[in-house]
Structure formats: C-alpha cells, structure tokens
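Dear colleague,

Please find below the structure that I am handing over to you. My notes on its aromatic side chains follow.

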Amino acid sequence: MNARPLRTLTRLTFANPASLAYLAVVGVALVVAASEPLYSDVSGSMIWVWPAMLALPAYVPIAALGAAVLGESAPGLFVGSIVLAALVQSLTLGALFEFLCGRLTRPDSLSA
C-alpha cells in the first residue's frame, strides 16, 4: 500500500500555519467549554455555542448525517461532530494555503 496519499492528507490537515492556527482555536474553545462546569455555577450556559460556531459550515451536514445514522441521542455526537468538522475544515484550509503559497512562489509559466 502506498502511504503517500495518507501523508499528503496529514500534511495538509496538520502541518501548515493556517491549519494549525485553526485547530488550536477550536481546541481551546472545546477545552474552555468542557471545563466550564468547574468554574461556573450557571446552569444552561451558552458556552458550547462557540466551538460549534467555529466549526461552521461543515458542522451542519456532519451533525445532520451523524444524527440520521446514529440517532439524535447518541453519546458524543455533538463533540464528535465538532471535531470531525474541524478536521475537514483544517484539511480545506491546508489545501487552500498550499495552493495560494504555491501560486505565489512558483514563477508563472505563461509570462516567460
């Protein structure tokens, strides 16, 4: 089996500044939301809105598909959907970052 496509996907998802920054922001939002019961007495807080908003627009179809397949009351569906959506968007950001950086650093073959 050729490991090159897996390495490319991993590189695009995790090994560039745009993807790393995005994943760090989503990760911090998830940690803050998960630790909120430790430092707050407020019940019904809206803190979980932030990780979901950071994972938009990919979160909506992923959560809908997960709810249709696993059922609405599946444990971990909400957080799992956020994590999967963040990874999908990180891959997209990585591909866009590589495309734009490649376009800016490579000489244009038509202008010679």
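In this predicted model, a search of the whole structure finds two aromatic pairs. One of them is formed by Trp-48 and Phe-78: the ring centres are 5.9 Å apart and the planes stand at 70 degrees, over the 60 degrees required, so the pair is edge-to-face.

As regards accessibility, Trp-48 is partly exposed, with a relative accessible area of 28%. Phe-78 is likewise partly exposed, at 35% relative accessibility.

Phe-78 also pairs with Tyr-59. Here the ring centres are 6.0 Å apart and the planes meet at 85 degrees, so this pair too is edge-to-face. Again, distant parts of the chain are linked: Tyr-59 is in helix 4 (residues 59-70) and Phe-78 in helix 5, 19 residues apart. Tyr-59 has a relative accessibility of 15%, which is under the 20% limit, and therefore counts as buried.

Taken together, the ring pairs link Trp-48, Tyr-59 and Phe-78 into a cluster.

With kind regards

Notes: Residues numbered from 1 in each chain as written. Predicted model: local features only at pLDDT ≥ 70, side-chain atom pairs only at ≥ 80, totals over all residues. Heavy atoms only, no water. Phe/Tyr/Trp six-rings, centres within 6.5 Å; stacked < 30°, edge-to-face > 60°. Buried < 20%, exposed > 50% of the residue type's maximum accessible area, 1.4 Å probe, protein only. Helix = DSSP H or I, 4+ residues; strand = E, 2+ residues; numbered from the N terminus.
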